[in-house]
Amino acid sequence: MSGGGISRRTPGDRAMRVVVGLVFLFLLFPVLVVFLSAFSGTDAFHFPPRGWSLRWFEAAAHHAEYQRSLGISLVVAACSALLATVTGAMVAFALTRGSFAGRKLILALLMAPLMLPQIAWAVGLLELSVRANASGSVSMMICIHATIALPTVSRILLASFGQLDWSLWEAAQMLGAGLVRTVARVLVPLLAPGLFSSYFLAFVGSFNEVTISTFVASYRTMTFPVRVYVQMYSQGIDLTAIAISAAILLVVIVGGLIAERSLRWSRWFS
Amino acid sequence: MALPLAAPALLLILLLFCLPFALLLEMSLHEQVAGSMLPSDALTLENYRAILCNPVYLRAILNTLQLAIGAASACLLLALPAARIIVRSKGAIRAMLILMTLLPTISGSLVQTLGLVNLMSPLGVINGSLRALGLIRVSIPLLGHYAGVLVGLVQSFLPLMILPLVETMGRIPPDVEDAAALLGATRGEVWRRVILPLARPGMIAGTTLVFFASLTAFVTPQLLGQGRVQTIGTVLYQQAVMVDNWPLASSFAVLLVMAIMAIRLAIAALQRTA
């Protein structure tokens with residue numbers, strides 16, 4: 001243990017290690033099961049598995065419905081993450097540089113979505129979408145997902161704006177760089193880790209969002225998680241959906257590890 | 001130039017966060033006209049009365065409270081040793097453990113639930129292993145029962161408990177524990193009199209997060225409860241999406257929001273006096 005020479009390894013320590021090992025196993029087990037069942041050789045998932053195959057990945061490659069919803073998911077995630085990152089960066093800039101009345105109010109409004117339950121928000125958004133005749137609109141879904149991501153994104157960007165050395169900004173302006181050039185050549189490169197982390201988290205958050213999307217989505221805006229949810233609720237587990245989820249998960253894990261190595265984004269969580 | 005820069009983000013929040021809650025409040029004061037999709041014109045508190053007098057809804061609220069308390073307690077018990085090990089480890093191992101804690105959050109609740117269904121189904125991992133070991137003949141029913149939903153909630157929300165605990169426990173200097181041990185405190189006493197009191201803010205933060213997350217959970221009870229476990233989330237979905245009774249769903253949502261705000265205020269007041 002790290003407590004110097006005083007505390008020694010005792011049976012109690014070992015017991016705790018075993019317990020913690022089991023806790024992490026429990027935490028990660030569903031993900032492992034998803035990977036196991038994606039390669040199942042049988043029609044339903046059995047444990048212990050009875051044979052392996054790639055048939056569910058083949059089925060996924062020919063499943064037009066899932067592919068359509070994956071396309072919607074990608075568009076919504078890419079656009080909403082961009083919208084959240086750009087608007088979040090603008091408001092973080094305003095809050096860091098300006099000292100004006102209402103600063104506290106703006107901050108409270110930005111963080112407000114974290115305070116109220118998403119399930120109630122979902123009911124309100126359903127009513128708004130239908131009344132505004134926007135329930136089939138992909139742009140509406142994009143704006144909703146961007147709003148969900150705003151608190152997280154603004155928090156990260158406020159932190160990275162706070163660490164910024166503003167004398168570089170002033171130096172660039174004094175040396176005659178215009179506003180656009182200062183933003184593009186000085187601000188964005190300096191903020192790149194925060195901007196990238198924001199975009200990544202907003203993208204993944206949107207791609208995984210189920211609760212609000214399930215309430216709001218219509219056929220034209222049905223994202224992949226909603227499609228899987230509907231399938232699962234009405235007909236039970238579909239191993240084709242599991243195979244797609246396993247593939248997505250692999251991309252997210254690899255992407256996350258690369259991002260961690262280059263940007264150390266786990267620091268935003270501790 | 002500050003305010004125009006803040007405008008787009010504020011517009012999103014006002015139109016897509018504040019406005020929906022205002023609509024919710026307004027809709028909750030109308031009654032659903034029987035045989036019609038439209039709410040009545042007159043203002044009424046009838047929906048609130050209907051919810052608070054209906055045993056089915058009260059049962060759902062009670063179920064949810066029990067599940068949330070159960071999930072928060074179980075998460076606290078499991079997260080304390082886990083956070084302790086994370087805090088005590090260093091470098092790459094520590095980063096790895098934090099990433100493992102974050103993985104369920106990053107992979108999303110749906111993937112988790114897909115895995116949990118396969119874990120707990122009659123042919124799944126738990127029942128399969130127990131059968132292979134000869135411990136049971138007939139599968140234990142987990143899906144569609146409280147036990148299954150509870151396991152799902154604990155699994156989904158455990159990271160919400162571990163992360164704040166790591167944050168506060170990481171700030172306890174190791175010298176404090178060493179001093180207590182030197183002065184003759186046993187391991188149990190070090191936990192009880194040093195670690196737990198110093199970790200209190202993290203314990204409160206984590207418990208609050210898990211409790212609220214479980215109270216308002218939707219995907220986990222809906223899919224693991226298989227329609228047989230009614231919670232606040234599943235009732236809201238039924239009323240809002242499946243039977244289109246918006247006034248009733250809105251009232252239920254407003255009650256939930258008010259309850260959560262009341263609990264938050266109470267916790268804040270308690271912390272101020274403590």
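How many salt bridges does the rule count over all chains? The count comes to seven. The model is a predicted one.

Start with chain A. Its secondary structure consists of eleven helices and zero strands. Read from the N terminus, its elements run α-α-α-α-α-α-α-α-α-α-α. Along the principal axes, the C-alpha atoms of chain A fill a box of roughly 70 × 70 × 35 Å.

Now take chain B. Here there are 13 helices and, again, zero strands. From the N terminus on, the elements of chain B read α-α-α-α-α-α-α-α-α-α-α-α-α. The C-alpha trace of chain B spans about 75 × 65 × 35 Å along its principal axes.

Next, look at where the chains meet. On one side, 84 residues of chain A take part in the contact. On the other, 89 residues of chain B do. Between them the two chains bury about 8,000 Å². Carbon and sulfur atoms account for 81% of that area. Three residues of chain A stand out: Phe26(A), Leu27(A) and Glu127(A). Together they supply 8% of the area that chain A buries against chain B, more than any other three residues.

Polar links also cross this interface. The rule finds nine residue pairs in polar contact between chain A and chain B, with both residues at pLDDT 80 or more. Helix H1 of chain A, residues 11-38, gives the largest share of the side that touches chain B. Its contribution is 16 residues. By class, that side of chain A holds 62 nonpolar, 16 polar and six charged residues.

How many salt bridges cross between chain A and chain B? The rule finds one. The side chains of Glu26(B) and Arg131(A) form it, at 3.3 Å from N to O. Glu26(B) lies in helix H1 of chain B, residues 2-28. Arg131(A) lies in helix H5 of chain A, residues 118-131. That N-to-O distance is within the 4 Å cut-off, so the pair counts as a salt bridge.

Finally, go inside chain A. Two packed helices are described by the angle between their axes and the distance between the axes. Helix H4 of chain A covers residues 103-115, and helix H6 of chain A covers residues 138-162. They pack at an angle of about 130°, with their axes 8 Å apart. H4(A) and H6(A) are therefore oblique to each other. Which residues make the contact between H4(A) and H6(A)? From H4(A) come Leu107(A), Leu110(A), Met111(A), Pro113(A) and Leu114(A). From H6(A) come Pro151(A), Ser154(A), Arg155(A) and Leu158(A). By class, this contact has seven nonpolar residues, one polar and one charged.

Terms used: Residues are numbered from 1 along each chain as its sequence is written. Chains are lettered from A and ligands numbered from 1 in the order in which they are written. Side-chain values use heavy atoms; hydrogens and water are left out. Contact means heavy atoms within 4.5 Å. Buried area is the accessible area (1.4 Å probe) that two parts lose on being put together, summed over both. A polar contact is a pair of N or O atoms within 3.5 Å; within protein, one must be able to donate a hydrogen and the other to accept it, and residues adjacent in sequence count only if both atoms are side-chain atoms. Helices (H or I, at least four residues) and strands (E, at least two) are DSSP runs, numbered from the N terminus. Ala, Val, Leu, Ile, Met, Phe, Trp, Tyr, Cys and Pro count as nonpolar, Asp, Glu, Lys and Arg as charged, and the others, Gly among them, as polar. Axes are lines fitted to C-alpha atoms, for helices over the stretch in contact, and angles run from 0 to 180 degrees between N-to-C directions. Angles under 35 degrees count as roughly parallel, over 145 as roughly antiparallel, 65 to 115 as roughly perpendicular and the rest as oblique.
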